[in-house]
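Visitor: I have a model open and want to learn how to read it. Can you walk me through a few features?

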Amino acid sequence: MANVGLFLSRLGRDVVVADLDPAGQNLHTYLGMDPILPSPGTRLRSPPPPPRVDRMPGMNLRLCRAHHALTSADDPLRLQALEVARASGADVVLLDLGVHADPLAVDTFLEADCGVVVTLPEPAAMERTY
């Protein structure tokens with residue numbers, strides 16, 4: 001996902017990549033950005049802080065991510081991040097939904113203008129993707 005975002009950004013598109021993977025948000029690592037470290041009480045705050053959108057220096061690429069690691073129970077926060085990404089005004093919004101087949105991921109994928117599945121060329125990954 002990071003490579004697709006970087007490629008489209010280099011072509012001059014304004015790109016937002018949203019990391020909505022409840023199994024492991026790692027796009028910040030691939031893009032060379034600092035992680036958002038939780039502060040004391042981050043999970044206890046009600047409501048949690050809204051998702052952040054950070055711009056990559058010198059590029060038309062932004063990363064939308066939550067303030068703490070997502071779990072499958074964080075659907076409201078994942079929906080909020082999805083809305084923040086959609087409202088960004090970008091030419092292209094890329095969503096890293098992870099490999100979970102939860103209702104939010106499936107519905108979001110089905111509503112997309114163009115759905116792209118990225119997987120590794122190994123049997124276990126291809127089976128899980130299928």
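Guide: Start with burial. Buried means under 20% relative accessible area, exposed means over 50%, and partly exposed lies in between (1.4 Å probe, protein chains only). Glu-111 is exposed, because its relative accessible area is 57%. Arg-86 is partly exposed, at 44%.
This is a predicted model: local features need pLDDT of at least 70, side-chain atom pairs count only at pLDDT 80 or more, and totals for chains, interfaces and linings use all residues. Residues are numbered from 1 along each chain as its sequence is written, and side-chain values use heavy atoms, with hydrogens and water left out.

Visitor: How many salt bridges does the structure hold?

Guide: First the criterion. A salt bridge is a side-chain nitrogen of Lys or Arg within 4 Å of a carboxyl oxygen of Asp or Glu. The structure holds five. In one of them, Arg-86 meets Glu-111 at 3.7 Å, N to O. That pair links distant parts of the chain: Arg-86 sits in helix α3 (residues 75–86) and Glu-111 in helix α4 (residues 103–111), 25 residues apart. Helices (H or I, at least four residues) and strands (E, at least two) are DSSP runs, numbered from the N terminus.

Visitor: Which residue forms a salt bridge with Arg-62?

Guide: Asp-14 does, with the closest N and O atoms of the pair 2.8 Å apart. Arg-62 is in strand β3 (residues 61–65), while Asp-14 is in the loop between α1 (2–10) and β1 (15–19), 48 residues away. Both Arg-62 and Asp-14 are buried.

Visitor: Now a helix. Which residues of α3 are buried?

Guide: An α-helix has 3.6 residues a turn, so residues three or four places apart point the same way. In α3 the buried residues are Leu-77, Arg-78, Ala-81, Leu-82 and Ala-85. Seen down the axis of α3, they fall within an arc of 145°, so they line one face of the helix. The arc is that of the directions from the helix axis to the C-beta atoms.

Visitor: What do the buried residues of α3 pack against?

Guide: They pack against β1, β3, β4 (92–96) and α4. Contact here means heavy atoms within 4.5 Å.
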